[in-house]
Amino acid sequence: AAGSLAAAAPDFLARQGLAAIPPQRAVYLVTALAVVAFLVSRARTPAVELSAADREAGGAPGAPPPPRIRLLAGLFALDAFGGGFIVQSFLVYWFVVRFGAGTGALGALFAASGLLQAASSVAAGWMADRIGYLKTMLVTHIPSNVLMVVLPFVPSFELAAVVLLLRFSLSQMDVPARQAFVVAMAPGVHRTRATAYTNTARYVTRPFGTALAGASMQALGTAAPLALAGVLKLVYDALLLVSFRGFVGHEAHPEADAAAG
C-alpha cells in the first residue's frame, strides 16, 4: 500500500511545482528495501523450522508428493494462469485506457487495495478457524472472480474502483487458507516439498497468462483479459470443489488421512 502511494508521489509533487525523484531512479529505493527484507529474514532463528516430532511424523523426506498434492498443484497452476491475465500493471493500463485515470488516482486506488488485502488476510484466519480452509477458499474466491467478470462492464471510474476494491477485499482471503490446506495435506517433512511443488506450479504457469493477456487484448479488446481471468478462475473454483469436497473438515484432523495418499 505504501509502495503504491510512493509511485503516485512524483506526479503529485510535480503538480505542486516541487521537485521529485525521477521515476527511473525509484528502482534504487526498491533495491534498498529488498536488502532490508533480506536482512530481516536472516535474523530469523532455527525455531521457525519443523520440530523433531514433525520430522518423525512426516516419513521419508525423499518420498514423492502424494497424488492429492499433485492434483492441487495442477489446480493452483490453472488459478495462477488466470491470475496472469490481470497483473497489476495491466490493471493500471486498463484504467488509463478505459477511463483516462491519472497516476495519483491509481496510486491511491492500489494503496487502498493493498490495505484491504492485508486486512482480508487477517480475516481469513478467523474465518478458516470457523468454517475450515477449503470453505474459506471457495466462499471468498468465487464472488471475487464474479466481480472480475463484471468489472469490464462498469461505466465509470468511480464505480469500477469500488468493484475492484470489493474484489481485492475477497480475492486474497484464499491465500492463507490455501497454504494451510496444503500443509494439512502433507504434515511433517513433506510440508516443504508440498508447498514448493504447488508454488512452483503457480510460478511456472502465471507468465503464460500474462503473455496471452496481451494477445487477447489485441484480438478481442482491452476488457478481454479481465473477463478471461474471471472465467478461468471460476473454472478453478469449480474443479477444486469437485475434487476436494470430501476433504471438508479434514484440515482439523490431517493425520487421520495421512495414509490415503
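Guide: Let's take a few labels in turn.

Guide: This is a predicted model, where local features need pLDDT of at least 70, side-chain atom pairs count only at pLDDT 80 or more, and totals for chains, interfaces and linings use all residues. Residues are numbered from 1 along each chain as its sequence is written, and side-chain values use heavy atoms, with hydrogens and water left out.

Visitor: Why does histidine 141 count as buried?

Guide: Buried means under 20% relative accessible area, exposed over 50%, and partly exposed in between (1.4 Å probe, protein chains only). Histidine 141 has 3% relative accessibility, so it counts as buried. You'll find histidine 141 in helix 7 (residues 133-150).

Visitor: What makes the link between the side chains of histidine 141 and aspartate 237 a polar contact?

Guide: A polar contact needs a pair of N or O atoms within 3.5 Å; within protein, one must be able to donate a hydrogen and the other to accept it, and residues adjacent in sequence count only if both atoms are side-chain atoms. Here the distance is 2.7 Å.

Visitor: Why are helix 10 and helix 11 called oblique to each other?

Guide: The axes of helix 10 (residues 190-220) and helix 11 (residues 224-244) cross at roughly 125° and come within 8 Å. Angles under 35 degrees count as roughly parallel, over 145 as roughly antiparallel, 65 to 115 as roughly perpendicular, and the rest as oblique. Helix 10 and helix 11 are therefore oblique.

Visitor: Which residues of helix 10 meet helix 11?

Guide: Ala213, Ser216, Met217 and Leu220 do, meeting Ala224, Pro225 and Leu228 in helix 11.

Technical notes
Axes are lines fitted to C-alpha atoms, for helices over the stretch in contact, and angles run from 0 to 180 degrees between N-to-C directions. Helices (H or I, at least four residues) and strands (E, at least two) are DSSP runs, numbered from the N terminus. Contact means heavy atoms within 4.5 Å.
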